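Subject: A structure for you to look at

Hello,

Here is the structure I promised to pass on to you. Have a look at it first, and then read my notes below.

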Amino acid sequence: MIADLMAYPEYRETEQSWLGAVPSHWEVLPNRAIFSEIKERNHSDEQMLSVTINRGVIRQKALLENSSKKDSSNKDKSAYKLVCPGDIAYNKMRAWQCAIGASDLRGIISPAYVVMRLRNDDHNHQYFHHLYRTPQFGKEAERWSYGITSDMWSLRPEHFKIINTPLPPPDEQAAIVRFLNHTNQRIERTIRAKRKVIALLNEQKQVIIHRAVTRGLDSNVRLKPSGIPWLGGVPERWEIRRNSYIFKERNERGQTGLPVLIVSLRTGVTVGSETNEAGRERRLIADHTSYKLACQGDIAYNMMRMWQGAVGVVPALGLVSPAYVVAQPLEGVSSSYYELLFRTDACKGEINRNSRGIVSDRNRLYWDDFKRLFLPVPPLAEQICIVENLSIQFTEADQVISRTEREIDLLREYRTRLIADVVTGKLDVREAAARLPDDTDGTDFVNTDDLDDSCFIEGEDDGVTSTE
């Protein structure tokens, strides 16, 4: 079905660089002709909603469930804005990252956010949902946003109204939404199946890694009490030491001309790219004088996300964010062994308990706290042997995981391109939508992509406390 899609028979050029040419029968209008701003307040009894980058408008409750995020909304919600089904809501400071979406829910959002309502009831709000969450619109929103830095940029309502939007006929909007919902659901089912495979393989790996880094490779080895509750017994020949006897802090700053390194939950320490793992533009501070030097073989970790496993071995000389800690291994220490140890669930739990913050999403593991942790210290030869043995054991599993992750990335990239091509009129889906089975789910697709490595999770002005 998708392979048969063709372009429209006739196009006309627009003056909008983010749109290019559109089908000749489509209109292109400024948003002030399509939407009116809504500032309805005093609905404190309504449910709280959140505007997310990955999923658009959702219940705040859904954002908080199974999460360490906390509700930090004001007790007095009289100033919060009402959102009705069909409205478009966006985060002024994150519109350029596509923190925007059409709501299928009734509720209230932060007074710092913007609510727009369609002037014509014949238009399909889900068409605009798909359109405004494309990278192309994100770039256009960025162009109209103002502020000193990207974290302060704001797409004000008066500038949103200036942006020109393509407007297919209402029946065509409905066909586009029907086609994209059907296609998105098929893609998401495939992604979920692939993610289950990855999760199962990673669970198996975690069990094996935990056993190896806390007990060694000999299942018959005699154990002794470690004195550390999360660790339990360790081989008799192993020592237990504070981190201050395993690592020393490297706190050199101000070098230029070196690559910036990123610490990721998924991949450890890597050279920074222009986009993050969610595919969105990564913005790095141009002035690197405050960045920390990291040498090959050091351990670097994100203070705010160490408890989630944001730690790794530095692959090459570079610079890391001032919000990171760089730990230089002392003699007789294999960084690779400790990276494995730090990423185990048991050790992450201990790190979380020793981190400081008002709520868990603000927890930071400072160097002074890190150096006080007690860890096992096998003989160096055994550390190296454990790392090498696990590497061999996981060769096949890691290949499957890597291949499956790449397949997921390709599916996401394809979905993003397809949505953008359809909502901007590069592909004609009218016939394809008409051929869809009658039992096609007419509800909007919900993106369930993880947020773990996204550059942005809900901000405090949305009533949710969390991290970037």
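**What I found**

Lys 205 is buried, with a relative accessible area of 16%; buried here means under 20% relative accessible area, exposed means over 50%, and partly exposed is in between, using a 1.4 Å probe and protein chains only. Before I go on, please note that this is a predicted model, in which local features need pLDDT of at least 70 and side-chain atom pairs count only at pLDDT 80 or more, while totals for chains, interfaces and linings use all residues. Residues are numbered from 1 along each chain as its sequence is written, and side-chain values use heavy atoms, with hydrogens and water left out.

Back to Lys 205, which is found in helix α6 (residues 170-215). Helices (H or I, at least four residues) and strands (E, at least two) are DSSP runs, numbered from the N terminus. The side chain of Lys 205 makes a polar contact with the side chain of Asp 398, at 2.6 Å. A polar contact is a pair of N or O atoms within 3.5 Å; within protein, one must be able to donate a hydrogen and the other to accept it, and residues adjacent in sequence count only if both atoms are side-chain atoms. Leaving aside neighbours within four places in sequence, Lys 205 is in contact (heavy atoms within 4.5 Å) with Phe 394, Asp 398 and Ile 401.

Next, the core. The largest nonpolar core has 39 residues, and those with the most contacts inside it are Phe 35, Phe 128, Tyr 132, Phe 160 and Phe 179. Such a core is a set of buried Ala, Val, Leu, Ile, Met, Phe, Trp, Tyr and Cys residues joined through side-chain atoms within 4.5 Å. Several elements give two or more residues to this core, including β9, β10, α3 (125-132) and α11 (395-423). Helix α6 gives the most, with five residues. Not counting residues up to four places away in sequence, Phe 35 touches Ile 88, Met 116, Arg 117, Leu 118, Arg 119, Phe 128, Tyr 132 and Phe 160. Apart from this core lies another, of 36 residues, among them Val 213, Trp 307, Val 313 and Leu 365.

There is also a sheet to look at. Four strands form an open sheet in the order β4-β12-β9-β10, with antiparallel pairing; two strands pair if DSSP finds at least two bridges between them. Strands β4 (35-38) and β10 (100-102) stand at the edges, each with a single partner strand, so one side of each is left without a neighbour in the sheet. Strand β9 (residues 88-90) pairs with β10 over three bridges, and the bridge partner of Tyr 90 is Ile 100 in β10.

Finally, the aromatic rings. Trp 96 and Trp 153 form an edge-to-face pair, 5.6 Å centre to centre with 70 degrees between the planes. Rings of Phe, Tyr and Trp (its six-membered ring) pair if their centres lie within 6.5 Å; planes under 30 degrees apart count as stacked, over 60 as edge-to-face and the rest as tilted. Trp 96 lies in the loop between β9 and β10 and Trp 153 in the loop between α4 and α5, so the pair ties together parts that are 57 residues apart in sequence. Trp 96 is buried at 8% relative accessible area, and Trp 153 counts as buried at 17%.

Best wishes
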